[in-house]
Amino acid sequence: MQNHDKFEKYNELGAYHWRNTYSGIFRGSSPRNHALYDVPIDLVRQKLGVNLTQAIGADIGCGDGVLVYKVMQKGGRIIGVDLSKQALNLAIQEIGQRLGQVPMLINASCYNLPFGNEVFDYVIATELIEHLEFDRKFISEVVRVLKPGGVFVCTTPRKLPYGPEVQDPYHVKEYSADELRKLLSEFLEDVEILGLYPAWLDKIYLNKFPRPIALLVRFSFKLLSLCWNPYRHIIYQNASNDTPCANLIGIGRKSWSN
């Protein structure tokens, strides 16, 4: 089952993903947070070879709707699915304020997606799989609803080579690059594992410099990100267990023969 306690954060904190990502141009906006959503969307476009307006997708574990909003901004069709009704209500509110549109959202479990077979060109799941007890059941559902040749992209915190099994008490399991590759390869073809948030880049952006210098560095990152976000474009290819990054991105394609 999914870890229900995690989703209580929406009751306590409200639309915190929006605040972390969009609050102000410089002071509160985060190039790092934007990349968590922008990179999977970029990868979907690259792998499908089409504009998002020509595809239909699903965001499983969509939370308060930031990724759904980003796809809708580009004219794409996407359905958000989440177990938390509070998260979906926040998504409706936040997206409605910005786009004047009502997003397509469904309250459902990721283990029992309420869709027919071969519906979606792509499925995205950001920071979901680490909360799942039955990861294989989830991936099998993803494969079921994907069209042949459809693309799946997921992000998840990278398991530390040394230290505790999980870095967050709300996580059920964290994955090394090899573990994530093995899991996805059981169900998908052309599996790739990428490294998001390179350690050296985090060391600069999430620095411990004296406050005036730290603020200047953050401001510089945010100014640069208005035209080119380092976190969006500097990504490790073919990540291994030793790749120095904070998060992993798993990508795979459903077999054309299915």
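Author: In this predicted model, the charged end of R32 sits over the ring of Y197, at 3.8 Å from the ring's centre.

Reader: Why is the pair of F138 and F152 called edge-to-face?

Author: The ring centres are 6.1 Å apart and the planes stand at 75°; since a pair needs centres within 6.5 Å and edge-to-face needs an angle over 60 degrees, the name applies. The pair joins distant parts of the chain, with F138 in helix α7 and F152 in strand β5, 14 residues apart.

Reader: How do you know whether F138 is buried or exposed?

Author: F138 has 0% relative accessibility, and because buried means under 20%, F138 counts as buried. F152, also at 0% relative accessibility, counts as buried for that reason.

Reader: Why is R158 said to have no salt bridge?

Author: The nearest side chain of opposite charge, D242, is 5.6 Å away from the buried R158, whereas a salt bridge requires a nitrogen within 4 Å of a carboxyl oxygen, and therefore none is assigned. The side chain of R158 does reach the backbone oxygen of N241 at 3.1 Å and that of T243 at 3.0 Å.

Key: Residues numbered from 1 in each chain as written. Predicted model: local features only at pLDDT ≥ 70, side-chain atom pairs only at ≥ 80, totals over all residues. Heavy atoms only, no water. Buried < 20%, exposed > 50% of the residue type's maximum accessible area, 1.4 Å probe, protein only. Lys, Arg positive; Asp, Glu negative; His and termini not counted. Polar contact = N/O pair within 3.5 Å; in protein donor to acceptor, adjacent residues only side chain to side chain. Phe/Tyr/Trp six-rings, centres within 6.5 Å; stacked < 30°, edge-to-face > 60°. Helix = DSSP H or I, 4+ residues; strand = E, 2+ residues; numbered from the N terminus. Lys NZ or Arg CZ within 6 Å of the ring centre and 35° of its normal.
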